[in-house]
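Hello,

Here is the structure you are taking over. My notes on it follow below.

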Amino acid sequence: MSEQQSINHSIKVVDAFDLDDELRSLLKPGEMVRDAEGRRHRLPRYFYEIPNHEAAVSIRLTNHFGLNEFTLVDLKEAARLQQFPRYVPCAVRVLAFYLEQFRREAGASVHIPVNGGYRSPSHKRSLTATPHMWATAADIYRIGTTILKGKETIEKYNGIAEELSDDIHVLPYGHVTGATADDHIHFDLGYITVIPTEISEDRMEQPQESRPRFAFEDRRRRDRRTVDE
Ligand SMILES: [Zn+2]
């Protein structure tokens, strides 16, 4: 990593209403979606734009979490959303912050698998609204060398997560799809929408083609401006 790259780590923030038709139709900014209980939630509008693979792997959100860890997907995600530039809701940095605290309390590395972080509203697993579509949820199948299987292990780490903050929701151990989990921890912060300080909000919910809206979010802490392995 050259010094030039390490200091150039402000992240571009875009208003998804200004993206092209295909991206808008896949990301659905501002649209209302229902969760499994029928409650309505408004999808995020402000996204980080990840220009290329190099940026995806080099941008750190916290000491131990890189942006790319939240955006690993497979064919279940829309093809266009797997191509650069890629987009992830700005709330991902809040998730990374909480996972960093969780990692510290758990005492081992926290692994987010493919499809376990951000899933767009067009992802095949986005049948109803879940915080994964806000980039405020992570599915964790392994902590350190411990595979999360079985009631005792899952309840232990669920307990650690719940002790950390009332902001954190986990799914209880069990076998009911969507409402419980028996082979991972579903860790989420609810439906948080982040609007970075640097961008201007307005009510124009259509493309501003002559003057697309974007900003660059400053790296606010020195330890995030350099890569720390
Ligand atoms: Zn989940």
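Strand β4 (residues 46–50) pairs with β5 in the antiparallel sense, over four bridges. Helices (H or I, at least four residues) and strands (E, at least two) are DSSP runs numbered from the N terminus, and two strands pair if DSSP finds at least two bridges between them. This is a predicted model: local features need pLDDT of at least 70, side-chain atom pairs count only at pLDDT 80 or more, and totals for chains, interfaces and linings use all residues. Residues are numbered from 1 along each chain as its sequence is written.

The bridge partner of F47 in β5 is P89. From strand β5 (residues 86–89), R86 and V88 point one way and Y87 and P89 the other way, and all are buried. A residue is buried if 20 or more other C-beta atoms lie within 10 Å of its own, exposed if 12 or fewer, and partly exposed in between, with C-beta atoms placed from the backbone. In a regular strand the side chains alternate between the two faces of the sheet.

β4 also pairs with β1, again antiparallel and over four bridges; here the bridge partner of V13 in β4 is Y48. Strand β1 (residues 11–15) is mostly covered, with four of its five residues buried. Four bridges join β1 to strand β12 (residues 214–217), and these two run antiparallel. V14 stands opposite F214 in β12.

The chain as a whole

The protein chain has six helices and 12 strands. Its C-alpha atoms fill a box of roughly 55 × 45 × 30 Å, taken along the principal axes. A compact globule of 229 residues would have a radius of gyration near 17 Å, and the protein chain agrees because its value is 17 Å. That radius is taken over C-alpha atoms, and the globule rule is 2.2 Å times the number of residues to the power 0.38.

Buried residues make up 34% of the 229 residues. Of the contacts between residues at least 6 apart in sequence, 69% join residues at least 24 apart. Two residues are in contact if their C-beta atoms, placed from the backbone, lie within 7 Å.

A nonpolar core is a set of buried Ala, Val, Leu, Ile, Met, Phe, Trp, Tyr and Cys residues joined through C-beta atoms within 7 Å. The largest one has 51 residues, of which V88, V92 and L95 touch the most other members. Helix α4 (residues 92–106) gives the most to this core, with seven residues. Not counting residues up to four places away in sequence, L95 touches F70, A135, T136, A138 and L189.

The buried residues of α4 are V92, R93, L95, A96, Y98, L99, F102 and A106. They pack against β5, β6 (110–111), β7, β8 (142–143), α5 and β11. At 1.5 Å a residue, the 15 residues of α4 should span 21 Å, and the end C-alpha atoms agree because they are 20 Å apart. The expected span of a helix is 1.5 Å times one less than its number of residues. After α4 comes G107, whose phi is positive, near 75°.

The sheet of β7, β11 and β10

Three strands form an open sheet in the order β7-β11-β10, with antiparallel pairing. The edge strands are β7 (137–140) and β10 (169–170), each of which pairs on one side only. α5 packs on the sheet and touches β10 and β11, and its direction makes about 10° with that of β11. Axes here are lines fitted to C-alpha atoms, for helices over the stretch in contact, and angles run from 0 to 180 degrees between N-to-C directions. Four bridges join β7 to strand β11 (residues 185–188), and A137 stands opposite D188 in β11.

L148 sits in the loop between β9 (146–147) and α5 (151–164). Why is L148 buried? L148 is buried because 21 other C-beta atoms lie within 10 Å. The C-alpha atoms of L148 and D183, 35 residues apart along the chain, are separated by 5.7 Å.

I143 lies in strand β8. I143 counts as buried because it has 21 C-beta neighbours inside 10 Å. Leaving aside neighbours within four places in sequence, I143 is in contact with A106, A108, V110, L148 and Y157. The C-alpha atoms of I143 and D74, 69 residues apart along the chain, are separated by 22 Å.

Regards
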